[in-house]
Amino acid sequence: MLGFGDKPANGAAPQGDLVKDTSEATFMQDVIDASRDVPVIVDFWAPWCGPCKTLGPALEAAVTAAKGKVRMVKVNVDENQMIAAQLRIQSIPTVYAFFQGQPVDGFQGALPPSEVKKFVEKIAAMGGGDGLADALAAAEEMLAEGAVVDALETFAAILGEEPENAAAYAGLIRCHLASGDLDQAEAYAAAAPAAIAKAKEIEGARAQIELARQAAKAGPVTELSRAVEADPANHQARFDLALALHASGRVDEAVDQLLELFRRDREWNEGAARTQLFTIFDALKPTDPIVLKGRRRLSSMIFA
């Protein structure tokens, strides 16, 4: 996993492990315990089994396509005879599905890929939800609570299962922002996979980077407020005041100043007020009241 001091290599996220081999020592952990969170399909096979050589890859492909809603564990019966005996495996290939610690379905013999796909989709549906969505929500909560390292590890794990998950990739960027490492955040933003480079989540993270860079250069709020009060037509002072207000966490006041600047001269500095407003809006959630109110007020000015 990439840590806070590491640089991303060619934009690739750490790969996860939807499919794994198990043993008698780890079967309980890999299957029974793991199935309490997400359904687990167990493939009992052996190197000498001809049908296993076609069924295994078909299962792996279907499990991978399910994107984290189900996992797969492989048991070599030659090397794990105790497990096979306990589960009364009479022939191979045999496939069992576990959920909530219990076997819930299964079949013997090879199936055509279409039937394998249907079986995996049925088992995945037993989870009753999107496991990756739940993991994303958990990671966001960790980040909001300041558990940056835990959040980073969770976002990285999600990317291991779905490398082009824009929300998780943006989460990695925001973790580095939260740690104060702007250079690392920018490196990740620049290395985003092409398929998600323009996703709204990534653009939002880039907007947060830009605002963080601006915050480092922001002037004192009190002095800038006095400058604006002394000369309301001083557009540069008003713009700088908006940057300073945002840097101090007074986002709604920053938006107010930018809207007032736009009202006074929408073309000032090549439309800097509107550009900055969009940067702030992009950095926030679309449903944030500041965004909803700000966009509404901006639209009323544009189309007045």
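Colleague: Which residue in S5 stands opposite alanine 97?

Modeller: Alanine 97 stands opposite aspartate 105 in S5. This is a predicted model, in which local features need pLDDT of at least 70 and side-chain atom pairs count only at pLDDT 80 or more, while totals for chains, interfaces and linings use all residues. Residues are numbered from 1 along each chain as its sequence is written, and side-chain values use heavy atoms, with hydrogens and water left out.

Colleague: Why are S4 and S5 said to pair?

Modeller: Strands are DSSP runs of E with at least two residues, as helices are runs of H or I with at least four, numbered from the N terminus. Two strands pair if DSSP finds at least two bridges between them; S4 and strand S5 (residues 102–108) have six, in the antiparallel sense, so they meet the definition. Strand S2 (residues 40–45) also pairs with S4 in the antiparallel sense, over five bridges, and there aspartate 43 stands opposite valine 95.

Colleague: What lies between S4 and S5 in their hairpin?

Modeller: Two residues lie between them, and glutamine 100 in the turn has a positive phi of about 55°.

Colleague: Why is strand S4 called largely enclosed?

Modeller: Five of the six residues of S4 (residues 94–99) are buried, so the rest of the structure largely encloses this strand. Buried means under 20% relative accessible area, exposed over 50%, and partly exposed in between (1.4 Å probe, protein chains only).

Colleague: What makes glycine 146 partly exposed?

Modeller: Glycine 146, found in the loop between H5 (131–144) and helix H6 (148–161), has a relative accessible area of 49%, and is therefore partly exposed. Glycine 146 and tyrosine 188 are 42 residues apart in sequence and 20 Å apart in space, C-alpha to C-alpha.

Colleague: How do you know how confident the predictor is over residues 1–16?

Modeller: The guide is pLDDT, the predictor's confidence in each residue, from 0 to 100. Over residues 1–16 pLDDT stays under 50, and the model has 39 contacts for them beyond four places in sequence, a contact meaning heavy atoms within 4.5 Å. For the protein chain the mean pLDDT is 88, and 92% of its residues reach 70 or more.

Colleague: What makes nine residues in the lining of the largest pocket nonpolar?

Modeller: Ala, Val, Leu, Ile, Met, Phe, Trp, Tyr, Cys and Pro count as nonpolar, Asp, Glu, Lys and Arg as charged, and the others, Gly among them, as polar. By that rule the lining divides into nine nonpolar, three polar and nine charged residues. A pocket is an open set of points on a 1 Å grid over the protein atoms alone, where a 1.4 Å probe fits, with protein on both sides within 12 Å along at least five of seven lines, and lining residues have an atom within 4 Å of a point.
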